[in-house]
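Q: I'd like to learn how to read helices and their packing in a model like this one. Could you walk me through it?

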Amino acid sequence: MARIIAPLIALVLGLCVLAGAAGAAVAPFAIQLAQFVTDSTEPLIDIPVERADGPQGPTEFDEDFGEVQVFDVLADGTLEPAATGVAAEVWHQFVRMVGADVAGEVIIQYRAGDAPRSDTLAYVYQDLNPQYWTLAVNLATADDPQLMVATLIHEYAHVFSFDDDDFDRKATSCATLDLFEGCAAPDSYLYAFYDTFWSGYTDAVDVENLDADAAWKFYLAHEDDFVSDYAATNLGEDFAESFMTFVIEDSFDGPGVAAQKLRFFTQYPELVELREHIRDEFGVELGLR
C-alpha cells in the first residue's frame with residue numbers, strides 16, 4: 001500500500017529543486033542521506049523494462065513537462081502502479097545509483113514527463129513532511145544516457161545536501177547559515193561548502209537566488225570559480241553541479257577554485273564511496289569505459 005503523500009507546494013526551476021534554498025536539479029531542499037547503496041544490505045530491485053507508448057500510470061498536469069505519469073514510491077523502492085517503458089528505465093537508473101532502500105526511504109513520489117521543448121531536465125522538491133522528496137524527470141532526455149545519469153546525480157546531490165536532519169527549522173537565531181529549510185548544522189555538507197567557498201564573496205548573489213540575470217552577472221565576474229554557469233545560480237546549485245562534476249571527472253588537479261570545490265568532497269568518505277559506486281555502476285553510460 002502506498003504511503004500517504006501530504007499536499008505539496010513547490011516552485012520548480014531549472015534542473016532541480018523547489019525554490020527555497022537552491023533552484024534547480026532540485027526547493028525547500030532537505031535531504032535524507034540515509035544509507036548509500038554501498039552500505040545497503042538489501043538487493044537492488046530488478047525492474048523489467050519494456051518500452052511502451054503513452055502514459056502507464058495516473059497522470060497530472062506539470063508546469064514544466066505537461067502531462068506526467070505519477071507513481072507512488074513504496075518503502076522497498078518499487079513503484080505503485082508499476083512503471084513500464086522509459087519511465088521504468090529511468091527509475092531503475094536512480095535505484096541503481098542510490099539503492100532500493102535509500103530510494104524508498106527518501107523519495108515518496110516519482111513523476112515522469114516527456115517534454116522535448118522543455119529546458120528542464122529534472123527537478124526534486126520536498127514533501128510537507130520534509131523527510132520525503134518528489135523526483136520528476138523529463139524522459140525526453142533519456143536517449144542521452146550520459147546526460148540522464150549526470151542529471152540524476154545532480155538531483156540526488158540536492159536531496160542529500162538538504163537533509164532535513166541538517167537543518168533546525170525551529171531556531172530563533174542562527175550562527176551558521178539561515179535558509180528556507182532552517183538553520184544549517186555546523187557539520188552539514190552545505191554549511192561547510194558555504195563557509196569554504198561562498199562566505200568570502202562581497203558581490204555574491206543571495207545564497208537562495210533564483211534570478212538568472214543576477215546569476216549570470218555573478219558568473220561572469222568569477223568564471224574560474226564555477227564548474228558551469230548554472231552553478232552560479234545559488235549555493236545549492238553550486239553544490240549539486242560541483243558534486244556531479246566530482247563524480248564524473250577523473251582528476252581533481254588544478255589551482256583554481258573550481259578544482260578546489262571538487263577536492264572538497266574528498267574529505268567525506270561516504271561521498272567518495274558514493275562516487276566510486278556510481279562510476280563503477282554507470283561507467284558505460286558516463287563514457288568512463
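Predicted model: local features only at pLDDT ≥ 70, side-chain atom pairs only at ≥ 80, totals over all residues.

Q: How many residues does α8 have, and what distance does α8 reach from its first C-alpha to its last?

A: Helix α8 covers residues 269–281, which is 13 residues. From first C-alpha to last, α8 reaches 18 Å, close to the 18 Å expected.

Q: What span should α3 have at 1.5 Å a residue?

A: The 17 residues of α3 should span 24 Å, and the end C-alpha atoms of α3 are 24 Å apart, so the two agree.

Q: Next, burial. Which residues of α8 are buried?

A: The general idea is that buried means under 20% relative accessible area. In α8, that applies to Leu271, Leu274, Arg275, His277, Ile278 and Arg279. An α-helix has 3.6 residues a turn, so residues three or four places apart point the same way. As for what lies over the buried residues of α8, the cover includes α1, α3, α4 (189–198) and α6 (235–248).

Q: How many residues of α3 are buried?

A: Helix α3 is mostly covered, with 14 of its 17 residues buried.

Q: Now pairs of helices. At what angle do α1 and α3 pack?

A: For a pair, look at the angle and the distance between axes. Helix α1 (residues 85–98) and helix α3 (residues 145–161) pack at about 55°, with their axes 10 Å apart. That angle makes α1 oblique to α3. The crossing of α1 past α3 is right-handed. On the α1 side, the contact is made by Val90, Gln93, Phe94, Met97 and Val98, and on the α3 side by Met148, Val149, Leu152, Ile153 and Tyr156. Sorted by class, that contact has 9 nonpolar residues, 1 polar and no charged ones.

Q: And how do α3 and α6 cross, right-handed or left-handed?

A: Helix α3 passes α6 in a right-handed crossing. Their axes come within 8 Å and cross at roughly 130°, and α3 and α6 are therefore oblique to each other. The residues of α3 that meet α6 include Ala150, Ile153, His154 and Phe160; among their partners in α6 are Phe239, Ala240, Phe243 and Met244. By class, the contact of α3 with α6 has 10 nonpolar, 4 polar and 2 charged residues.

Q: What about α4 and α7: at what angle do their axes cross?

A: The axes of α4 and helix α7 (residues 257–264) cross at roughly 155° and come within 11 Å. Angles over 145 degrees count as roughly antiparallel, so α4 is roughly antiparallel to α7. This crossing is right-handed. Tyr189, Ala192, Phe193, Thr196 and Phe197 of α4 make the contact with Val257, Gln260, Lys261 and Phe264 of α7. The class count here is 6 nonpolar, 2 polar and 1 charged.

Q: Now the backbone. Is the peptide bond from glutamate 80 to proline 81 cis or trans?

A: For a peptide bond, check omega. The bond from glutamate 80 to proline 81 is cis, with omega near -5°. Proline 81 sits in the loop between β3 (79–80) and α1.

Definitions and conventions. Residues numbered from 1 in each chain as written. Heavy atoms only, no water. Axes fitted to C-alpha atoms, helices over the stretch in contact; angles between N-to-C directions. Helix = DSSP H or I, 4+ residues; strand = E, 2+ residues; numbered from the N terminus. Parallel < 35°, antiparallel > 145°, perpendicular 65-115°, else oblique. Left-handed = near helix turned anticlockwise from the far one by under 90°. Contact = heavy atoms within 4.5 Å. Nonpolar A, V, L, I, M, F, W, Y, C, P; charged D, E, K, R; others polar. Expected span 1.5 Å × (residues − 1). Buried < 20%, exposed > 50% of the residue type's maximum accessible area, 1.4 Å probe, protein only.
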